[in-house]
Amino acid sequence: MNRTNDAGPSGLRSLHLLSADATVRDAVAALEAASPKLIVIVAGDGRLIRTVTDGDIRRGLLAGIEFQDGVTELPGRDPVTVKESDPLEESQTTLLESKVDTLVAVNESGEPVALHTASDLGQGVLLSPPHMGPNERRYVDRAFDENWIAPAGPNLAEFEKKLSAVTCCDEVLAVSSGTAALHLALRVLGVSAGDRVYVSDLTFVASVQPILYQGATPVLIDSEPVGWNISPIAIRRKLTEDAKAGQLPKAIIVVHIYGQNADIEPILAAADEYGVPVVEDAAESLGASYHNRASGSHGRLSAYSFNGNKIITTSGGGALATDSPALIDRARKLSTQGRDDALHYQHSDVAYNYRMSNVLAGIGIGQLDSLQDRVAARRKVFERYRSGLEAQRGISFQADLPGASGNRWLTVIRLDPRHIHLHPYQLMARLKDAGIETRPGWKPMHLQPLCAGFEFVPHDEQRVISSTLFLQTLCLPSGSSLAQATQNRIITQIRKVLDEG
Ligand SMILES: Cc1ncc(COP(=O)(O)O)c(C=O)c1O
């Protein structure tokens, strides 16, 4: 046996298991991919026998143990264990008292289920931490080995090619952030001062900022009540009204919020009717799909983010994607200071320094290798929250629309005030006391001081959806590295807080 624990890692890390009949050579190979550098040895019935570190191997080799010898012959000390159900504080105390860096969490049968590292326990449970795989470092090393420490190079080309396959868009330009990608999208569509741009009201401010960079005016469109994304009904109503007034928007930015795809077909139908291009803000939805096509592949252009909290990350970064070579060529030029086709440095356009670094693209290639696993893990996290909490009266979740499959980047819980007399911030405070990080749902743009005075278009005459969602929602820890045992603790804690009222 040589595998990574299906239950997932603790905090940020994977649990690497080897069976007792493995050799020292097997342990050396397994340690290569392990982070933290610790291998867990289990008996035939799955119970924990011991752990192996680099230090154990070094001491064993010095004492005459050979690579082909059994791993259990290595010197070492008994592993320090905690129960998977132990409260965080107890694990923190054990860690301090035992003076080790890593604890092994075991279940009732003595089987290892997760690792707790000192840094994970110190930080508590994070909302959406980065989750590195085994290959990222190799591509970063390649950039160093080849001295491609620049916003150009083989990693960048390979990252864009792989992204093109994943996003089902023919052309991809990797840039320094998702915000930069959105800005370039608006620039290549010719959005400029005085233009109007429709945009999802329920979003992070980065969807709106590039509209303002261009001196254009955002028109803030409400959510629909099921999937919480931009309302196709409100878009159509507004387009009809604006066509009559002779003030159609220059573009529509559709955000796929929390990784769930918006109802893009009726939106495209309405936009096409009026000849308005759609830009998809897929910053949060890489790996999601709608009617079996990748999220972000439906509109004229789309923007992705690889910020540290996203489903995959390059620490910071983004990408612009489209099927149009002409649009991507224009965007590429604008992303590199708009240099004209001349031998000398000649420039005719206002442009930017937006290209992604070849070093960071190396992290991106490694991360893309794991994308499907990361989506599956986040969807599993969502399912566990749903099955663990849906019996509580007044709790609901953002829906997958028919034909859509979200990546569940963040699981967001909704508390119905008719049944739960607790504001999401009170729940947030109680979870914080237990070392669990949560975050309020996005505050809609029409409630932001930055957007004061901009037009807001409600879902229908009777209802405003986005502000209700803001008042009733809380984002839960959703990382793809969240261990089942840790998630069980979160669910238990939420139930406890809700039961106490
Ligand atoms: C919906 C949305 N749009 C745009 C962005 C901007 O991405 P970045 O942080 O990479 O600029 C983000 C995330 O940060 C986002 O959540």
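Author: A residue counts as buried when its relative accessible area is under 20%. Keep that cut-off in mind as we look at this predicted model.

Reader: Why is R408 called buried?

Author: The relative accessible area of R408 is 4%. The cut-off is under 20%, so R408 is buried.

Reader: Where does R408 lie, and what is its phi?

Author: You will find R408 in the loop between β18 (404-405) and β19 (411-415). Its phi is positive, about 50 degrees, although R408 is not a glycine.

Reader: How do you know whether Y258 is buried or exposed?

Author: We use that cut-off again: buried means under 20%, exposed over 50%. Y258 has a relative accessible area of 2%, so Y258 is buried. Y258 is in the loop between β11 (251-255) and α10 (264-273), and Y258, not a glycine either, has a positive phi of about 55 degrees.

Reader: How much of the chain is buried?

Author: Buried residues account for 55% of the 501 residues.

Reader: What is the secondary structure of the chain?

Author: There are 16 helices and 22 strands.

Reader: Which domains does the chain have?

Author: The assignment gives domain 1 (2-123), domain 2 (136-369) and domain 3 (371-500). The centres of domain 1 and domain 3 are 34 Å apart.

Terms used. Residues are numbered from 1 along each chain as its sequence is written. This is a predicted model: local features need pLDDT of at least 70, side-chain atom pairs count only at pLDDT 80 or more; totals for chains, interfaces and linings use all residues. Side-chain values use heavy atoms; hydrogens and water are left out. Helices (H or I, at least four residues) and strands (E, at least two) are DSSP runs, numbered from the N terminus. Buried means under 20% relative accessible area, exposed over 50%, partly exposed in between (1.4 Å probe, protein chains only). Domain bounds come from an automatic or database domain assignment.
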